[in-house]
Amino acid sequence: MGKYFCGKCNFFDDDVSKNQYHCDGCGICRTGGADKFFHCDKCGCCYSNVLRDSHHCVEGAMHHNCPVCFEYLFDSTKDISVLHCGHTIHLDCLNEMRAHHHFACPVCSRSACDMSDAWKKLDEEVAATPMPEFYQKKMVWILCNDCGATSSVSYHVLAHKCPGCSSYNTRETRGGPAAARSRV
């Protein structure tokens, strides 16, 4: 009837090159080989062994739709990427975002990849673009999307750097720390 059979899922398949296996934690059959994946009970899904000691747990991380294409991730057959923040997204959708120069998680706005080279270039651009005297003493409150800190920094037309983590992934807020926290 099939070279692969799962009695729990009542699933038959002749193509065993997919290395099917049943995950009791997920309650479904998955592909890729049981020796290459582990089930995270907190996240409620299987991840590559490469992420075993480094992934950021987000409860039910794959029990939602991809934030770009809105396909349900848990039983998707497409490759899925886990961002630094722990949110999940189809790899193709992440690559499409990068192709359009969008490098932040669409769920929480944290940087989706290492942006240190881009931050260095922004440092150079900010240094090469002095502000007119009228704006040199102007201060603004920012919220850092990467570390969550609120800070008062010198206004600059190009970007605002977080003094805590050196990220430029920030947004200007209307007031001090209390106002910024109420928006998050």
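Biologist: Let's start with a helix: what covers the buried residues of H1?

Modeller: First, the ground rules. This is a predicted model, where local features need pLDDT of at least 70 and side-chain atom pairs count only at pLDDT 80 or more, while totals for chains, interfaces and linings use all residues. Residues are numbered from 1 along each chain as its sequence is written, and side-chain values use heavy atoms, leaving out hydrogens and water. Helices (H or I, at least four residues) and strands (E, at least two) are DSSP runs numbered from the N terminus. Buried means under 20% relative accessible area, exposed over 50%, and partly exposed in between (1.4 Å probe, protein chains only). Now your answer: the cover over the buried residues of H1 includes strand S7 (80–82) and strand S8 (88–90), with contact meaning heavy atoms within 4.5 Å.

Biologist: Which residues of H1 are the buried ones?

Modeller: They're Cys 93, Leu 94 and Met 97. Looking down the axis of H1, you'd find these buried residues within an arc of 100 degrees, so they line one face of the helix. The arc is that of the directions from the helix axis to the C-beta atoms. Here's the general idea: an α-helix has 3.6 residues a turn, so residues three or four places apart point the same way. The face of H1 turned away from the buried side carries exposed Asp 92 and Ala 99.

Biologist: With which side chain does Ser 111 make a polar contact?

Modeller: A polar contact is a pair of N or O atoms within 3.5 Å; within protein, one must be able to donate a hydrogen and the other to accept it, and residues adjacent in sequence count only if both atoms are side-chain atoms. Here the partner is the side chain of Asn 169, at 3.4 Å.

Biologist: On to strands. How many bridges join S9 and S10?

Modeller: Two strands pair if DSSP finds at least two bridges between them. S9 (residues 139–144) and S10 (residues 150–154) have five, in the antiparallel sense. For example, Val 140 has Val 153 in S10 as its bridge partner. The two strands make a hairpin with five residues between them, and Gly 148 in the turn has a positive phi of about 85 degrees.

Biologist: Last one: how many aromatic pairs does a search of the whole structure find?

Modeller: Seven. Rings of Phe, Tyr and Trp (its six-membered ring) pair if their centres lie within 6.5 Å; planes under 30 degrees apart count as stacked, over 60 as edge-to-face and the rest as tilted. Take Phe 5 and Phe 12: their ring centres are 4.6 Å apart and their planes at 40 degrees, so the pair is tilted. Tyr 135 and Tyr 155 make a tilted pair as well, 5.5 Å centre to centre with 40 degrees between the planes. Ring pairs also link Phe 134, Tyr 135 and Tyr 155 into a cluster.
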